[in-house]
Amino acid sequence: MRRAVPLAITFLTGLFLVVSFFIPHRPFGELEQRLLVWFAIVAGFTMLLGVDNLIRSHARKITRTSEGWGHSVVLLVGLVATVVVGVIGRVQFGSPFHLQSPFMFIYSYTIVPLQATMFALLAFFIASASYRAFRARNWVATLLLVSAVIVMLGRIPIGAAMSEFFPWMQEWIMTVPQLAAKRGIQIGAALGAVSMSLRIILGIERSYLS
Amino acid sequence: MDERPRRSFWEIMNDIDRRIIFVILFVVVAIPLVLKVGGTIPPTAPVEGAHEAVESLEAGDYLMVSIDFDATSAPELMPMLRSVLRQAFAKDVKVIMLGHIAIGLPLGHMALEQVAAEYDAEYGVDYVDLGYRPGYIAVMIAMGREIEDIFRTDYQGTSIREMPITADVHSYADIDLLFGFEHGAVIDYWVRYAQARFDQRMAFGTTAVMAPDAYPYLQSGQIEGLVGGLKGAAEYETLIGQPGLGTRGMPAQEWGHLLVIGFIVLGNLGYFFTRGKQRKPAA
């Protein structure tokens, strides 16, 4: 019974959503809309679970004074401070996202620079990694190397100034071989998703129950 | 005395210390940004397609803007977002903003308020920010039937039915164009659920690394245009005749690319000239 009921709910819900895709009229369309709203609400609650998990895991680190516990203190203080300024912004300006609210101050001068800095570091690692990885060790590596150089040159004005070949070839690489490979991957992934969905709807794939 | 053997020039080129690469890259990227050099970038067909899609809108038409990125991609996507908003407000097109990346939506909101102020646009009449709702697939599909089911209020908690801009907006049928700014896979879901199912007209601005993922949709005609990376942003600025951060950032990207190509060439020459030495068994 403990397995049969969830399997039946999954089967009926999956079947219903497939039917409603092809018959969006009453009653399927309205019921599908109701399910979608429920989905959005459930997705909202998963955020609460995430916050709960984050607090528990870092609180545990602090109480056990595990390695790097100081970082956990910073994280929890940051979390509480952000929530507090968010509430203040809501009370004071009607929304924490009001441009003058303290939440937006923290967002603009802490979150944005931190995220941007982390991502900007990638440029340095990509430069170093390209230098080491793009070596003409065999013909496949050489093909990759030549393609990469053409695309890089084709995407900057100096490439076009050197020769019209670079932007033209860059566009060709993007719209023919790259596109063919990408489309193949997408078709494969879509078939995989259809197959997995069918397995779940028909109760063959049951790992989500464990 | 333990003396390390002297390395030849090509051996050094084959194995340049990464810290040297980091320092040179920093200098090469920083100088053009500080000097603020740069010229206009000629537009390519995918960017022209996106520009024409917005240009086809008439005064009073609705443009839905989706903010699906965060600060990590802001240097590439914010310039194109501002350009699209400027083009829309200049044509008196109504802008409805929403987003599927919660931490990035305030960036979109800041750009919206900044550009709206340039054109004296009024909140709730000319533009609105609906904010964020979790579960993007459900949000996209549900908006095809009734937007109010998902967004009862805007980001401030004002009912969408109380604002003139959204009083009569119910579904994609009322949205003339959707322009998404993407740094991840949300673009796939927009195409699958809003375009394929509800036939929504759409164009996208993406980071350079995401642009290849969008090319299949461009070729199939499911999206009308694609603005890819900083270069795309610079091209869009050329098209609207207002050079901005995209155009200013291109020289830094240009010199960065050239430097990486230079290092790749040096590395390969070093590899080629020292290959024989590497094959020799240790004495």
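In this predicted model, 46 residues of chain B are in contact with 44 residues of chain A.

**Where chain B touches chain A**

- Five helices of chain B each supply at least two residues of the side that touches chain A: H2 (18-35), H5 (105-118), H6 (136-143), H8 (211-219) and H10 (245-279).
- The most comes from H10(B), which gives 12 residues to this side of chain B.
- By residue type, the side of chain B that touches chain A has 27 nonpolar, nine polar and 10 charged residues.

**Chain B as a whole**

- Chain B contains 10 helices and six strands.
- The radius of gyration of chain B is 24 Å, while the globule rule gives 19 Å for 283 residues; the value is well over the rule, so chain B is more spread out than a compact globule.
- Taken along the principal axes, the box filled by the C-alpha atoms of chain B is roughly 85 × 40 × 35 Å.
- The domain assignment divides chain B into domain 1 (9-38 + 249-279) and domain 2 (45-242).
- Between the C-alpha centres of domain 1 and domain 2 of chain B there are 38 Å.
- Of the 283 residues in chain B, 51% are buried.
- Among contacts in chain B with a separation of 6 or more, 75% join residues 24 or more positions apart.

**Helix H5 of chain B**

- H5(B) has 14 residues, which at 1.5 Å a residue should span 20 Å; its end C-alpha atoms are 20 Å apart, so the two values agree.
- The buried residues in H5(B) include B:Leu105, B:Pro106, B:Leu107, B:Gly108 and B:His109.
- Further along H5(B), B:Ala111, B:Leu112 and B:Val115 are also buried.
- An α-helix has 3.6 residues a turn, so residues three or four places apart point the same way.
- The cover over the buried residues of H5(B) includes helix H4 (102-133) of chain A.
- From chain B itself, that cover includes strand S1 (62-68), helix H4 (74-90), strand S2 (94-99) and strand S3 (127-132).
- After H5(B) comes B:Asp120, with a positive phi near 55°.

**A residue of chain A**

- A:Leu12 lies in helix H1 (residues 4-22) of chain A.
- A:Leu12 counts as exposed because it has 11 C-beta neighbours inside 10 Å, and the cut-off for exposed is 12 or fewer.
- From A:Leu12 to A:Trp69 the distance is 47 Å, C-alpha to C-alpha, and the two are 57 residues apart in sequence.

How values were computed: Residues are numbered from 1 along each chain as its sequence is written. Chains are lettered from A and ligands numbered from 1 in the order in which they are written. This is a predicted model: local features need pLDDT of at least 70, side-chain atom pairs count only at pLDDT 80 or more; totals for chains, interfaces and linings use all residues. Two residues are in contact if their C-beta atoms, placed from the backbone, lie within 7 Å. Helices (H or I, at least four residues) and strands (E, at least two) are DSSP runs, numbered from the N terminus. Ala, Val, Leu, Ile, Met, Phe, Trp, Tyr, Cys and Pro count as nonpolar, Asp, Glu, Lys and Arg as charged, and the others, Gly among them, as polar. Domain bounds come from an automatic or database domain assignment. The radius of gyration is taken over C-alpha atoms; the globule rule is 2.2 Å times the number of residues to the power 0.38. A residue is buried if 20 or more other C-beta atoms lie within 10 Å of its own, exposed if 12 or fewer, and partly exposed in between; C-beta atoms are placed from the backbone. The expected span of a helix is 1.5 Å times one less than its number of residues.
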